[in-house]
There are 2 protein chains.
Amino acid sequence: MGGDFGPHCIVPASLDCLAETPSLHLALVGQTSVLEELISRYGRVDSARLKIVDADEVVEMDERPTQALRGKPRSSMRVALELVRDGHAQACVSAGNTGALMALARHVLKTLPGIDRPAMATAMPTRKGSCLLLDLGANVDCTAEQLYQFGVMGSVAAQSLGVAQPRVALLNVGIEAIKGNQQVKAAAVLLQQAVDLDYSGFIEGDGLFRGEADVVVCDGFVGNTLLKSTEGLAQLVSSRVEALCRRSLFSRLMGVLALPLLRQLRADMSPAQYNGASFLGLQGIVVKSHGSAGREDFRAAIRRAAEDVRHNLPEQLHSRLERLLATDQSTDGGIDVTTVDGMPSN
Amino acid sequence: MGGDFGPHCIVPASLDCLAETPSLHLALVGQTSVLEELISRYGRVDSARLKIVDADEVVEMDERPTQALRGKPRSSMRVALELVRDGHAQACVSAGNTGALMALARHVLKTLPGIDRPAMATAMPTRKGSCLLLDLGANVDCTAEQLYQFGVMGSVAAQSLGVAQPRVALLNVGIEAIKGNQQVKAAAVLLQQAVDLDYSGFIEGDGLFRGEADVVVCDGFVGNTLLKSTEGLAQLVSSRVEALCRRSLFSRLMGVLALPLLRQLRADMSPAQYNGASFLGLQGIVVKSHGSAGREDFRAAIRRAAEDVRHNLPEQLHSRLERLLATDQSTDGGIDVTTVDGMPSN
């Protein structure tokens with residue numbers, strides 16, 4: 001029921017995915033009458049693979065997480081998460097209120113042992129392909145230990161995406177050791193000491209897009225800003241291209257001729273390509289779709305969830321985390337980070 | 001002497017600017033022999049408008065700010081700032097170590113009354129023109145009061161750039177009041193209460209590029225990430241365009257035909273267009289050029305400094321700050337921000 005377009009986008013996207021993937025089963029959780037009406041409007045249904053689970057309450061987009069947690073036991077978000085907890089579904093996909101989804105997911109599914117708070121991760125486009133960025137906004141303030149846990153989880157998630165030995169980097173205002181805030185410097189020490197983890201040091205925003213790492217770790221405030229700015233800049237480029245193409249008759253002609261190129265470029269850079277952020281660190285699979293997601297974007301989020309199911313991501317995370325965090329337990333007391341006035345390089 | 005290319009970029013850029021602006025006078029501060037050799041290599045000199053000021057020490061790019069401050073009384077950076085302090089120059093432009101430049105500038109020039117720490121500001125491209133973003137990395141951790149001061153300074157600086165009534169926004173992980181960390185929420189309260197300041201609320205990265213504000217305020221860690229990511233993404237777009245143009249004979253032909261358009265696009269999005277970050281809040285004008293600045297970029301930074309001189313920016317800031325901060329003094333004790341679990345919208 002969540003997101004800017006709610007079931008008007010989610011229902012057709014779900015039907016698309018069912019048509020595209022014969023092994024997929026979907027449960028649509030929400031107000032039955034609304035969902036039934038939309039299903040009948042959008043198409044033929046293979047009823048064996050689509051069911052409706054009634055949930056009459058809706059978490060509003062501007063609702064406080066605590067309200068959603070305490071006041072709405074029958075919200076579509078909560079019921080969907082309970083389906084995962086009780087084994088009736090293998091993943092939950094939502095375009096709703098991020099804060100509420102995170103709070104409910106932690107409450108209903110619980111975090112994996114050794115993880116304080118889950119992180120949101122998504123693949124960002126780079127020159128060499130893509131890199132996993134986390135956290136995207138689930139945690140606006142992060143301790144060094146949390147950043148370290150994000151690094152470990154990101155490494156495991158990247159491996160499940162097919163990167164044999166993921167290079168993990170910490171986002172910072174410069175690549176020199178003296179740069180950054182206390183949390184980042186302390187997290188660097190922890191990641192350096194981590195066994196079985198390829199820590200490649202600090203990285204800056206431009207290095208991320210050059211593909212200098214497979215996993216980039218930052219707090220949720222920074223990650224969210226990076227994600228939204230990327231979207232904003234991509235939109236800006238599109239509008240500039242359009243404006244240029246309208247400037248003169250010659251430009252217009254060139255624009256028309258170059259249209260296939262520009263269309264391809266826009267598709268490559270579109271957030272829809274990369275839509276669907278996985279919540280890492282939970283005892284279950286939860287994928288957050290962009291609030292303003294359209295039909296195509298939401299399809300990408302469902303595909304993301306199906307991929308996480310195929311790779312059995314929580315189980316993989318669990319077993320790797322047990323080993324990694326156990327090995328690193330001994331170093332926890334030994335961190336010594338000098339206080340310096342860290343400044344960025346530019 | 002600073003920056004990745006040092007005087008090999010700065011000397012020719014300086015000669016370009018002298019040729020372009022007949023009223024401009026420049027003092028090149030650094031190792032005389034190096035500078036003289038480069039000046040003679042790059043061109044004829046109008047010696048009445050160009051002088052060399054000898055400074056035999058150089059602040060290295062990876063040096064700690066404290067080292068630069070205590071250990072190098074004859075660094076080019078320090079001598080250049082002293083020229084400004086002593087009235088021999090009206091502005092200092094440097095491509096060197098940002099942290100050292102900030103520490104030395106605060107020490108040599110001092111901050112304006114009411115300002116705890118200076119901020120770095122630059123114009124970012126938006127759909128509607130540009131917006132002033134600060135801080136860009138001078139302060140990796142910021143209190144609410146500092147963010148508030150940045151808002152006030154940004155508003156004054158935007159006015160000097162020709163915006164009659166600048167809309168000031170706070171960068172956040174969502175636009176709803178419950179979103180964000182404590183500093184951002186408390187800064188919002190302060191900015192709301194500010195007299196003579198058009199505070200427009202929270203903004204996200206995509207809103208910035210849509211031109212929804214004239215001034216966007218954030219801490220230096222976030223601002224630096226946004227700036228570097230923008231550069232990185234612009235480079236990524238360029239490389240994608242090139243790759244597309246090489247894909248097939250047809251694409252190649254289209255690419256060649258569309259070349260003028262793409263070149264224009266690249267120029268519009270180039271950081272060089274926007275190079276040169278003003279340090280706001282000092283008793284003097286200091287402009288930081290990108291460390292990796294080339295000849296064209298450094299020219300933009302010199303022009304930025306000349307503009308700040310023309311607008312007498314520190315004096316304008318001083319008089320406006322006196323009024324604004326005096327009026328707001330009474331509200332300082334009355335801030336009451338509820339602690340909530342702030343989460344981003346996506």
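## Exercises: cores and salt bridges

The largest nonpolar core has 160 residues, and Leu81(A), Leu170(A), Leu81(B) and Leu170(B) have the most contacts inside it. A nonpolar core is a set of buried Ala, Val, Leu, Ile, Met, Phe, Trp, Tyr and Cys residues joined through side-chain atoms within 4.5 Å. Buried means under 20% relative accessible area, exposed over 50%, partly exposed in between (1.4 Å probe, protein chains only). This is a predicted model: local features need pLDDT of at least 70, side-chain atom pairs count only at pLDDT 80 or more, and totals for chains, interfaces and linings use all residues. Residues are numbered from 1 along each chain as its sequence is written, chains are lettered from A and ligands numbered from 1 in the order in which they are written, and side-chain values use heavy atoms, with hydrogens and water left out.

**Exercise 1.** Find the contacts of Leu81(A), leaving aside neighbours within four places in sequence.

*Solution.* 
- Contact means heavy atoms within 4.5 Å.
- Leu81(A) touches Cys92(A), Leu101(A), Leu104(A), Ala105(A), Val108(A), Leu109(A) and Val286(A).

**Exercise 2.** Which residue forms a salt bridge with Arg323(A)? Classify both partners by accessibility.

*Solution.* 
- A salt bridge is a side-chain nitrogen of Lys or Arg within 4 Å of a carboxyl oxygen of Asp or Glu.
- The partner is Asp196(A), with the closest N and O atoms 3.0 Å apart.
- The pair links distant parts of the chain, 127 residues apart. Arg323(A) is in helix α12 (residues 313-328), and Asp196(A) is in the loop between α7 (182-193) and β7 (198-203).
- Arg323(A) has 46% relative accessibility, so it is partly exposed. Asp196(A) has 48%, so it is partly exposed too.

**Exercise 3.** Locate the salt bridge between Asp308(B) and Arg304(B).

*Solution.* 
- The closest N and O atoms are 3.0 Å apart.
- Both residues lie in helix α11 (residues 295-310) of chain B, 4 residues apart, about one turn of the helix.
- Asp308(B) has 4% relative accessibility, so it counts as buried.

Definitions and conventions: Helix = DSSP H or I, 4+ residues; strand = E, 2+ residues; numbered from the N terminus.
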